Amino acid sequence: MNKKEKNNTIKAVVNKFASGKKYLYYLTFLMSAISGITQIIPFYFLYKLIREIVFSDGGLDKSLLINYVLMIFVSQIAGVICNFVALLASHILAFRVEKNMRKEGVRQLVKLPIGFFQNEDTGRLRRIIDDNASKTHTFLAHNFPDITSAFIIPILLIALIIVVDFRLGLVSILGIILSFFFMGKIMNSDMKEKMAEYGKAGEDLNINGVEYIRGIPIVKVFNQSVESFQKFYHAIMNYDEKARDLVFKFKKPMLLNSVSLNAPVILLGPICLLILRGDQNPRELIVKCAFYIMISFLLLNAFMKVSAINESKRKFEISVEKLYEILNLKPMEIIETESIDKAGIFFNNVSFTYPGRETRAVDSVDFHFKHGRNYALVGGSGSGKSTLIKLIARLYDVDEGEIYIEGMDVRSYETEKLLSEMAIVFQETSLLKGSLKDNITMGGNYSDEQIMKAIDDAQCRDILERMDGDWNTLIGTKGTFVSGGEAQRIALARAFLKDSKILLLDEASAYADTENEALIRDSIEKLKKDKLTISIAHRINSIIGADEIIVLDRGRIIDSGTHEELLERNEEYKKLFSEYESSIEWKIDTGGRDA
Ligand code: ATP
């Protein structure tokens, strides 16, 4: 807890993120302190000046007056310069910290397990890094230079007030003492929690608002109301409740706080009149009264600034804490392990449970997938087929056991090296916002001939022709939108180009149209040739045609063998297979009716 608190102090943030610019932190402090002092000096000399004029009785000491005016002028100029230097230093410091925060955040994202992004809203991650880095910038650049002066000014003012006239000084300070009392009451209450709840409600509202806007087409199509978007509706109501909570809770102490801060300005006049009734020198008293009213305004201003800075400092700390939510996530580490003498993919007693789940998605799996063979994974929904594939690609780390690829533990591979060992084609292909070529090469260096061959092998020529033969055309522009089936063919072209010895394939369970289905089926058959292929099979042909079928049930491999062997000995497989068959018949039937 203590350590966490230390992470979000200004000093800790500067130490971690200001690489090479830490001296600017001290420079800002120094310049801000001097600027604070120079803001008070003119008032002191102004007081002296007015006093000199009022008490001169016709014999004005001009050189003394000129000296006072000069002191006022010089301290103001010095104040402007110091303030400028403080702001300059704080801005450079803030830019450095912001840049490094973004860099660290993105670096951390790259190091996280790929599977982490499946359960996370990527927009939220981007916002955590972007928003909080820029909030940190705003605080360091604009509020941080005020901190020293905001604390120095009230101290100097209080000293000045006490030195000039003790009784009137007390009246001026009384408001501050009362204000401290009421602020203390606010601080000692559950304000931090209330503020955090309010902040969290705002964040939820933001996220759900974005989701709602994305879903507007659905709202329109199904003629739904905002209430039907339960999450968004609850987020609005929750925000409303938390905002009211905060406002009503602090209404009274905040009001009393404002009244006490303003009271001296109002009370000074009547108090001076009361003192005047005694034997006080009226001229002296009037000068002092004018001085105190002026200073009380300054003091009020300075204290407002202190509480505003406290507020923005709290926001700054919350922003840094949020950023640490990402920076403290456990990255995927590369570990050194002994290699073993087994080619292909070898599962050694592998178990895995998804974060937050109780039951294992993969349970004690031992299996050796050999080169040149074609494996089909079959099993009911949720039996662990996709998870098995994800573990091979190290989208998640296993909890127990080891997975070896070409004799090396997947955890000992650099990510790029591991992914270069295999080509993966998932059911739902997501395309990059880029050209057809970008989407096929994925940044790799290939010759035009190689790219063209991949396009042909994956039967993507029709897509290219729609782009008038220019593969640099951005997908989605000039009428070049692609269907789900076409996107999958583009993914197959990627796999052809990669030409790795291992192919992980999640066959599409439903194709958009029969034309695409035939094209995809042909290219998949071609792609599988001479490779170690592990497919999540949805088509009878790819199940029957597999060299070995692996039957999964609740994360365990319950049997494996050829289609004939399994049909003969495995009841579960027989059941699964008849389900596959009847689903095909059902499709044909439906197709017939629709036609
Ligand atoms: P299907 O054929 O329906 O796609 P599957 O055999 O591929 O199913 P998996 O997707 O591997 O099964 O799921 C195995 C188990 O893990 C299921 O209980 C599923 O609910 C759970 N699971 C899958 N993905 C996640 C996830 N991202 N987070 C939490 N649990 C998950």
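**Ground rules.** I am working on a predicted model, where local features need pLDDT of at least 70, side-chain atom pairs count only at pLDDT 80 or more, and totals for chains, interfaces and linings use all residues. Residues are numbered from 1 along each chain as its sequence is written, and side-chain values use heavy atoms, with hydrogens and water left out.

**Ligand site.** I looked up the shell first. I found 13 residues around the ligand, and the closest are Ser-381, Gly-382, Lys-385, Ser-386 and Thr-387. I sorted the shell into three nonpolar, eight polar and two charged residues. Here Ala, Val, Leu, Ile, Met, Phe, Trp, Tyr, Cys and Pro count as nonpolar, Asp, Glu, Lys and Arg as charged, and the others, Gly among them, as polar.

Next I checked polar contacts (pairs of N or O atoms within 3.5 Å). A polar side-chain atom of Thr-387 sits 2.4 Å from a ligand oxygen atom. Gly-382 places a backbone N or O atom 2.8 Å from an oxygen atom of the ligand. Arg-357 has a polar side-chain atom 3.1 Å from a ligand nitrogen atom. The ligand exposes 630 Å² when taken alone, and the protein buries 69% of that. I used Shrake-Rupley areas with a 1.4 Å probe.

**Cores.** A nonpolar core joins buried Ala, Val, Leu, Ile, Met, Phe, Trp, Tyr and Cys residues through side-chain atoms within 4.5 Å. Buried means under 20% relative accessible area, exposed over 50%, partly exposed in between (1.4 Å probe, protein chains only). The largest core has 33 residues; Ile-345, Phe-347, Phe-369, Ile-405 and Ile-534 touch the most other members. Elements giving two or more residues to this core include strand E1 (345-352), strand E2 (362-369) and helix H11 (385-392). Helices (H or I, at least four residues) and strands (E, at least two) are DSSP runs, numbered from the N terminus. Another core, of 27 residues, lies apart and includes Ile-490 and Leu-505.

**Single residues.** Which residues does Ser-319 touch, beyond those up to four places away in sequence? I found Asn-132, Lys-135 and Thr-136 (contact: heavy atoms within 4.5 Å). Ser-319 lies in helix H10 (residues 282-327) and counts as buried because its relative accessibility is 4%.

Ser-364, not a glycine, has a positive phi of about 45 degrees. It belongs to strand E2 and is partly exposed, at 27%. Arg-394 also has a positive phi, near 50 degrees. Arg-394 is in the loop between H11 and E4 and is buried, at 6% relative accessibility.

Note on methods: Near = heavy atom within 4 Å. Polar contact = N/O pair within 3.5 Å; in protein donor to acceptor, adjacent residues only side chain to side chain.
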